[in-house]
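Student: I have a protein structure here and would like to learn how to read it. Could we go through it together, one question at a time?

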Amino acid sequence: VSHWTLFQRLMQKLRDPTLIHCTRCDDLVSTHQPGNLFHPTHPNDILCSHCGHQFCAVHGDAHLGQSCQDYKPARLEKHDRKSIQAIRRFTKPCSHCGIPIHK
């Protein structure tokens, strides 16, 4: 892809902030065009008119077939587990109050 083509696409996105890149074919897709909303219970799902790929306008391909509402708690739970593991691995309890500390 030439620099000129990239520049034209950038200018197109600046003129129309509803445009996002398809996560499969990289074509520009409007989030507000009728017919692009793929599923009524998943309002952020977009269907690319160029390649037919379904993806989330907010999270890309992170949670295909799952709503954003269902994805967020699962992502936070995973993040919490990793944080607890890191605290256990890299800290020790304070001798006075027991709160995990790292020196």
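Student: Is Cys-97 buried or exposed?
Tutor: The relative accessible area of Cys-97 is 54%. Exposed means over 50%, so Cys-97 counts as exposed.

Student: What about Cys-25, with its relative accessible area of 28%: which class does it fall into?
Tutor: Buried would need a value under 20%, and exposed a value over 50%. Cys-25 has 28%, so it is in between: partly exposed.

Student: Let me step back. In which order do the elements of the protein chain run?
Tutor: The protein chain has two helices and seven strands. Reading from the N terminus on, their order is α-β-β-β-β-β-α-β-β.

Student: Which element has the highest confidence?
Tutor: The average pLDDT of the protein chain is 83, and 88% of the residues score at least 70. Strand 3 (residues 37-39) has the lowest confidence, with a mean of 53. Where pLDDT is low, the predicted coordinates should not be read in detail. The highest confidence, at 92, is in helix 1.

Student: What share of the protein chain's residues counts as buried?
Tutor: The chain's accessible surface comes to about 7,900 Å², and 57% of that belongs to carbon and sulfur atoms. Of its 103 residues, the share that counts as buried is 21%.

Student: Where is Thr-18, and is it buried or exposed?
Tutor: Thr-18 sits in the loop between helix 1 (3-15) and strand 1 (19-21). Its relative accessibility is 17%. Buried means under 20%, so Thr-18 counts as buried.

Student: Which side chains make polar contacts with the side chain of Thr-18?
Tutor: One of them, at 2.6 Å, is the side chain of Asp-16. Leaving aside neighbours within four places in sequence, Thr-18 is in contact with Val-29, Ser-30, Thr-31 and His-32.

Student: How far apart in space are Ser-30 and Pro-17?
Tutor: Ser-30 lies in strand 2 and counts as buried, at 8% relative accessibility. Along the sequence, Ser-30 and Pro-17 are 13 residues apart. In space, C-alpha to C-alpha, the distance is 8.5 Å.

Student: Which side chains meet in a salt bridge?
Tutor: Side chains of opposite charge can pair when their charged atoms come close. The structure holds one salt bridge, with an N to O distance of 3.7 Å. The pair links distant parts of the chain, 17 residues apart: the loop between strand 1 and strand 2 (28-30), and helix 1. The partners are Asp-26 and Arg-9.

Student: What is the phi value of Asp-26 near?
Tutor: Asp-26 is partly exposed, with a relative accessible area of 39%. Its phi is positive, in a residue other than glycine. The value is near 70°.

Student: Finally, which residues does Gly-60 contact, leaving aside its neighbours within four places in sequence?
Tutor: Gly-60 is in the loop between strand 5 (54-56) and helix 2 (68-90), and it is buried, with a relative accessible area of 14%. Gly-60 and Cys-22 are 38 residues apart in sequence but 8.3 Å apart in space, C-alpha to C-alpha. The residues in contact with Gly-60 are Thr-23 and Phe-55.

Note on methods. Residues are numbered from 1 along each chain as its sequence is written. This is a predicted model: local features need pLDDT of at least 70, side-chain atom pairs count only at pLDDT 80 or more; totals for chains, interfaces and linings use all residues. Side-chain values use heavy atoms; hydrogens and water are left out. Helices (H or I, at least four residues) and strands (E, at least two) are DSSP runs, numbered from the N terminus. Buried means under 20% relative accessible area, exposed over 50%, partly exposed in between (1.4 Å probe, protein chains only). A polar contact is a pair of N or O atoms within 3.5 Å; within protein, one must be able to donate a hydrogen and the other to accept it, and residues adjacent in sequence count only if both atoms are side-chain atoms. Contact means heavy atoms within 4.5 Å. Accessible areas come from the Shrake-Rupley method with a 1.4 Å probe; for residues, only the protein chains shown count as cover. A salt bridge is a side-chain nitrogen of Lys or Arg within 4 Å of a carboxyl oxygen of Asp or Glu. pLDDT is the predictor's confidence in each residue, from 0 to 100.
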